[in-house]
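Visitor: Please take a close look at one part of this model for me. I would like the contact between the two chains, and then the chain that stands behind it.

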Amino acid sequence: MPDGFHEEEVLGKAYDGRLMRRLLSYLRPYRRTVFFALIAIFFYGILQAVPPYLLKIEVDRYLDPTHRSPIPHFLGRLLSPKPAVGIAELAFGFFLPTVLLTFILQFAQTLAMQMVGQRVMYDLRKQIFSHLQRLEMSYFDRNPVGRMVTRVTADVDVLNDLFASGVVAIFGDFFTLLSILAVMLSLSWKLALLTFTVLPLIALVTGAFRKAVRESYRRIRIAIARINAYLQEHITGMSVVQLFNHEEKSFEEFERINRSHMEAFKDSIMAYGLFYPAVEFLGVLAIAIIIYYGGGMAMLGTLTVGTAIAFIQYSQRFFRPIQDLSDKYNILQSAMASSERIFKLLDTPTGIHDPVQPRPLASPQGRVEFRQVSFAYRDPHRVIENVSFTIEPGETVAVVGHTGAGKTTLTSLLLRFYDIQEGRILFDGEDISQLRLRDLRRNFAVVLQDPFLFSGTIASNIRLGTETITDAQVGEAARRVNLLDFIESLPEGFEERVRERGATLSVGQKQLIAFARALAHDPRVLILDEATSSVDSETESQIREGLRGLLENRTALIIAHRLSTIQSASKIIVMHKGHLREMGTHQELLARRGIYYKLYQLQYKDQERASVSVVAPALQADPEPQSASS
Amino acid sequence: MLKRLRPLFPYLTRYKKRYVVGLAALVITQLVGVTIPLIVKDAIDILSENGTRERLLFYAGLLLAVALTKGIFQYAMRWILIGISRDVEYDLRNDLVRHLMRLEPRYYTENRTGDLMSKMTNDLSAVRNMVGPGIMYSANTLVMGVATVALMVHIDPRLTLLCLLPLPIASLAVKFFGQKIHAQFEKVQALHSELVERARESLAGVRVVRAFCQEDAEIASFDRMNQSYVDSNRQLIWIQSFLWPALALLFAISFLLIMVAGGRDVLRGEISVGSFTAFNIYLMYLIWPIIALGWVTNIVQRGLASLGRLWTIFRAEPQIDDHAARPEILPTLRGEIEFRHLNFSYNGKLILKDINLHIPAGRTVAIVGATGSGKSTFVSLIPRLYDAPPGAILIDGVSIRQIPLATLRRHIGFVSQEPFLFSETVKNNIRFGAPEAGEAEVVRAAEISNIVAEIQSFPKGFDTMVGERGLTLSGGQKQRVTISRAVLRDPRILILDDALSSVDTDTEERILNQLTGILAGRTAILISHRISTIRNADEIVVLDQGTIVEQGSHEELLALGGYYAELYNKQLIEEALEKEA
Ligand SMILES: Nc1ncnc2c1ncn2[C@@H]1O[C@H](COP(=O)(O)OP(=O)(O)OP(=O)(O)O)[C@@H](O)[C@H]1O
Ligand SMILES: Nc1ncnc2c1ncn2[C@@H]1O[C@H](COP(=O)(O)OP(=O)(O)OP(=O)(O)O)[C@@H](O)[C@H]1O
Ligand SMILES: [Mg+2]
Ligand SMILES: [Mg+2]
């Protein structure tokens, strides 16, 4: 797939201090809780070293049949010399409190961090979603919806692992490791150092593992993104796939993506399959070292049996955090990748935003002016070239022209979906870039060329989130677009369920709902972009009737190919390949015999011929329209 | 449980041999593994019995040899057993997509895209977890648990009994909380998919949201879902943060029991210090299987629930398929279409009523009618996007249910009312239905819809990417690309559903002229609201609330003075008005 439209960006580093600092900054509002969790985990780490030590004392003081142990330890002196009593003291006086405390600390720590994790996720999701709501339209042209959704949801979920079980747990592992190493060194520094000789080997194995996993994880991520993009697109376009017998081809395409996903995962299984046994082997190696050297020392009497046993336990305990750390490494790595993508999104400047010092718009009139406007979606490919016109308040202006001439683009520019490269667009005399976006857009209601319905109800689609619109206004808007009969014929009326994108409505019905939506919002300026292109003439003319009163003191910009639609316009603008080619009243434009004249001729040439025979009498028989027109 | 697993059997039995090998490796791994504490025990014991360093070296060497053997089999076990689960996932995902491709449009209006996607990803991966790690860890637990306990009993049965006392509690706790976690998890998942769906729709409808200043309302509604998602996660967290430390505590109690009772046994001389140590190590070994037991129940529970959801896809049998097909009757189509007493309803709502129409091969029929009168529904029955009652639609005298779907559709060029393009290049979109078409043919098809010059003026020409759904094209450009796409298939039957609605009259005229050439000898059905598009059709059909109310040529219908004539007059009156204005 060219252009990388479906490709997920791929991360650079596994650990990036800059990213990490920024991520951690999200913990700031919850620093007390985090601090508390850190303290808890600190003590938890220390307590991890205690049980084997207690075991050592038990063995050395009471159990070792050779009784070679040196002078009892200070703990040993506290304990009763009677073995049965001493062991009970050791177990219930020291061991039990230790494990109870461990339980409390672990519970408190997990709970605290998981809760903080949820808060941070909440904050992040909110921030990303809000940012997306501010990004300009060209961002949406470039990025598939699925990818943006991934940022808000899946990528954030990955970070949850980091906050909930990563950040603090890493410290926990670290403290555990440290306290175990310290105790081992103090018990027998010689044996401890000998045991530590496996550490470089572990570092080696872990390093190799990381490298292997990293590459396959990168491939896995790409494959998953592709699978999602594929599914999203083919599920929504399935009927096209079927109509064009494309099932086989589409499936082959999917099979390739699916295969690369599977193969990437197999590589990671290979890495894990080698890693786990390797680490376990090193764990046994440590035991072997302890048995050989430690046992030797014990035979010479320089080491107690209890210490040897404690060492065996310690060596197993310090392998766990290390194994954990490599799991954490994965969390870290995915988190880095996700956060890089999230921050990249958050750092995408909102190209179009409110000005620093917005001009106020006291009582909007609805005057629109384009002054020598030029625009390109992708520089330098100009789509609008040096266009100038004005629409006075209350005026109805029509825009006509060939398909692809730039009509829809004009309305997008007026709503400031895109910023122009040259010229100025004024609303009530103010440059629209000097107005707050809300202040500007609030004056418009637009029926887009592709009607978009949300899943919900008919009423919720007309009202959207504007709660000030009453039920009566919703009903009135539906009446004006001649939709009332249809809606009332539905079992649930206005509360009838609307499916995703209005899938169970006819295209004309969708258009009418979008139309009613615009009317219900009672704008100063109404923009109709082919608003009735899929509606029959009968309904259309009824809508025109319905609009008549409504348009009286409103500005309207109407785009239509059916010229009948625009007859009420006081001015007609003819666009051609991005240029404004003609402008004037219907009569003036006909007189110029230009593009408009040609479009007009084409549309009515059949009727011209026919009208002589069939329609002329009909017209005379019906005097009303003529009086209406005068 | 086995019953609920049954649908998976065909996927698992395919890898029977590998499962056997993998499980054998697993058994060896664990049986070899449990000897390690025994070796340690002997080594510790010789410390108190004045052993030699040579003996120690022997034990150390033995340990390494055992560990190496275990490692090799452990690698094989993981590679095979987890590997199978990826294969099963791959097979399942392929089959699901293949199945989705057979399901008809009705299925897609009844199921949300987001739900289908989450089944294909989240649920599938839960199922995979069940057949990979799920199976591996339960077998592990079983083998290792049995072996470990047997050896412990061998050392000291009473002590074993005592120190295993708390463990059933652990398993029960895991099971009890596991169920709670599972129930809550399902809620969390449901809220999550709501959240995803909300974000998806809000972003897909971004133009509406912006134009109507709904950003704040969207953020607020997203925020509500965000909040309730977090809230329901919180409940999950309470259980989870309690469960694992509590399990650790239970194990600690077992250690405590060994400390006391085991210590006493050593003092009494019933077991050696080495055995005492081995006991400690064995108990450590048991921690993982016991926890895994709970973990595996979770995995299996989730997996089964997900499997159920996943299978709703497979259970949705395609209603529109080839079960009545008789390929031998009609190898190729001429394009004569006949409708006989056609009735059709969506979910009990009657849309088309007793339609009778005969379209001889090669003729062009136009359909007009009010919004919602059923035109799109009518034409969607021909390529069987929806199914008409048997025998109601015939092509070349054969009921369309007897024509294999692929044959039927291959002969139809369908331009639907709402253009759908793939986020691909213009070229690939045009040759979507005829992948073997060459450059020249693509250009020729583009000529017919009069779009060549525009495409060539794009910076990358025919290789321009069109964005999701064709987002970066103008309305008319999208429509014309879909026309080219249909024409390139060289169909016997061409159906244009209001396909020129976003095209200006000049371009429309050119396209119609081009089409007239193409249409010679082909059957065509045109739907339009514009007289200019349809007046030259051989026959015009007026549809009103699902019934044919008028039928005939342009002239005949004008003479009839009904709906069509009125429509026509209306457009003329408008024109007259414009002239007078
Ligand atoms: N989002 C976009 N990104 C890039 N190019 C675009 C985008 N939208 C439109 N274009 C291009 O800009 C040109 C003008 O498009 P526009 O939608 O304004 O035409 P239009 O006059 O409304 O046509 P129609 O009557 O077919 O709707 C077209 O060539 C189109 O391909
Ligand atoms: N998938 C569906 N499920 C249920 N009802 C549907 C479905 N599709 C359409 N309808 C309903 O069936 C009726 C006929 O719809 P259809 O799309 O055939 O109308 P149409 O004549 O093509 O209208 P238009 O001119 O607006 O395109 C409408 O009332 C519509 O709401
Ligand atoms: Mg347009
Ligand atoms: Mg339709």
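Guide: What follows goes through the interface and then turns to chain A. Keep in mind that the model is predicted.

Start with the extent. On chain A, 185 residues are in contact with 181 residues of chain B. Together the two chains bury about 17000 Å². Carbon and sulfur atoms account for 66% of that area. Three residues lead on the chain A side: A:Q133, A:L243 and A:F244. They supply 5% of the area that chain A buries against chain B, more than any other three residues.

Ten salt bridges cross between chain A and chain B. One pairs B:K70 with A:E280, with the closest N and O atoms 2.7 Å apart.

Which helix of chain A gives the most to the side that touches chain B? Helix α12 does, spanning residues 247-300 and giving 32 residues. By class, this side of chain A has 94 nonpolar residues, 55 polar and 36 charged.

Now the chain behind that surface. Chain A has 23 helices and twelve strands. Its radius of gyration is 37 Å, well over the 25 Å that the globule rule gives for 630 residues, so chain A is more spread out than a compact globule. Along the principal axes, its C-alpha atoms fill a box of roughly 130 × 50 × 50 Å. Buried residues still make up 58% of the 630 in chain A. Among its contacts between residues at least 6 apart in sequence, 77% join residues at least 24 apart.

Methods:
Residues are numbered from 1 along each chain as its sequence is written. Chains are lettered from A and ligands numbered from 1 in the order in which they are written. This is a predicted model: local features need pLDDT of at least 70, side-chain atom pairs count only at pLDDT 80 or more; totals for chains, interfaces and linings use all residues. Side-chain values use heavy atoms; hydrogens and water are left out. Contact means heavy atoms within 4.5 Å. Buried area is the accessible area (1.4 Å probe) that two parts lose on being put together, summed over both. A salt bridge is a side-chain nitrogen of Lys or Arg within 4 Å of a carboxyl oxygen of Asp or Glu. Helices (H or I, at least four residues) and strands (E, at least two) are DSSP runs, numbered from the N terminus. Ala, Val, Leu, Ile, Met, Phe, Trp, Tyr, Cys and Pro count as nonpolar, Asp, Glu, Lys and Arg as charged, and the others, Gly among them, as polar. The radius of gyration is taken over C-alpha atoms; the globule rule is 2.2 Å times the number of residues to the power 0.38. Buried means under 20% relative accessible area, exposed over 50%, partly exposed in between (1.4 Å probe, protein chains only).
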